[in-house]
Amino acid sequence: MYTLFYLAHTTGSTVMRALPWEFPNDPSLAAADRQFLLGPAVMVTPVLEPGATTVDGVFPGIGKGECWYDWYTQAAVNATMGQNTTIDAPLGHIPVYIRGGNIIPTQEPAMTTREARKNPWGVLAALNLEGSASGSLYVDDGESVTPNATLYIEFTATNSTLQASGRGTYIDTNPLANITILGVHSPVTEVSFNGMQIASACVGYDGARKVLSITGLRNSTMGGAWSKDWKLRWG
């Protein structure tokens, strides 16, 4: 979200978006006013009726090259093009989805934003149908009106390789804790980080959900997750 506000400030892009704003060539979304996007990557389908335990929602672009993943299960959504899908939404559950083709940096929450900024980083890559994705992260001190130092990281994923490349002078010393890649359709036997093979105990592949999970990266990024460029390969 911090990156979205940075982009809104510097480029005039929007943080909270209506579906037809992001998908202007789909006239069927003109009346879709009960769902919204946070940036281009995250779609929220809130429950707006009292006592309801399900909610209807559409998944834009399904059948036309787009794919969506459930935020909680991380599995790909099975939906029909141009039709409402009934979504389970028990009390306390807000349906949230990730658009394929996007990479989202994450941090564990804390009681305050000051404390949360001290937590290790994670990366969530949701591959599109071609197996690629991209994203970005903006970091500064979080307090200054005009920061003296900033850091901007760009992420790309393609051909079973995820890489991060940063530019800027702000120093963030939080390590990288984990990487999760959604939409990996082939079993994974080897994963390397900057050319160093990662122990099999730190690699998990769920063939049913098509999710690759990598942990144990803190020692490799003790100087900070973005202190130098890195590359993750799997196969």
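Me: Is Ile94 buried, partly exposed or exposed?

Reply: Buried means under 20% relative accessible area, exposed over 50%, and partly exposed in between (1.4 Å probe, Shrake-Rupley method, only the protein chains shown counting as cover). Ile94 has 47%, so the residue is partly exposed. Ile94 sits in the loop between strand S6 (85–88) and strand S7 (96–99); strands are DSSP runs of E, at least two residues, and helices runs of H or I, at least four, numbered from the N terminus. This is a predicted model, where local features need pLDDT of at least 70, side-chain atom pairs count only at pLDDT 80 or more, and totals for chains, interfaces and linings use all residues. Residues are numbered from 1 along each chain as its sequence is written, and side-chain values use heavy atoms, without hydrogens and water.

Me: What is the strand order in the open sheet of five strands?

Reply: Two strands pair if DSSP finds at least two bridges between them. The order is S1-S2-S3-S7-S5, with antiparallel pairing. Strand S1 (16–17) and strand S5 (68–70) are at the edges with a single partner strand each, so one side of each has no neighbour in the sheet. S1 pairs with strand S2 (residues 36–38) over two bridges, and Met16 has Leu38 as its bridge partner in S2.
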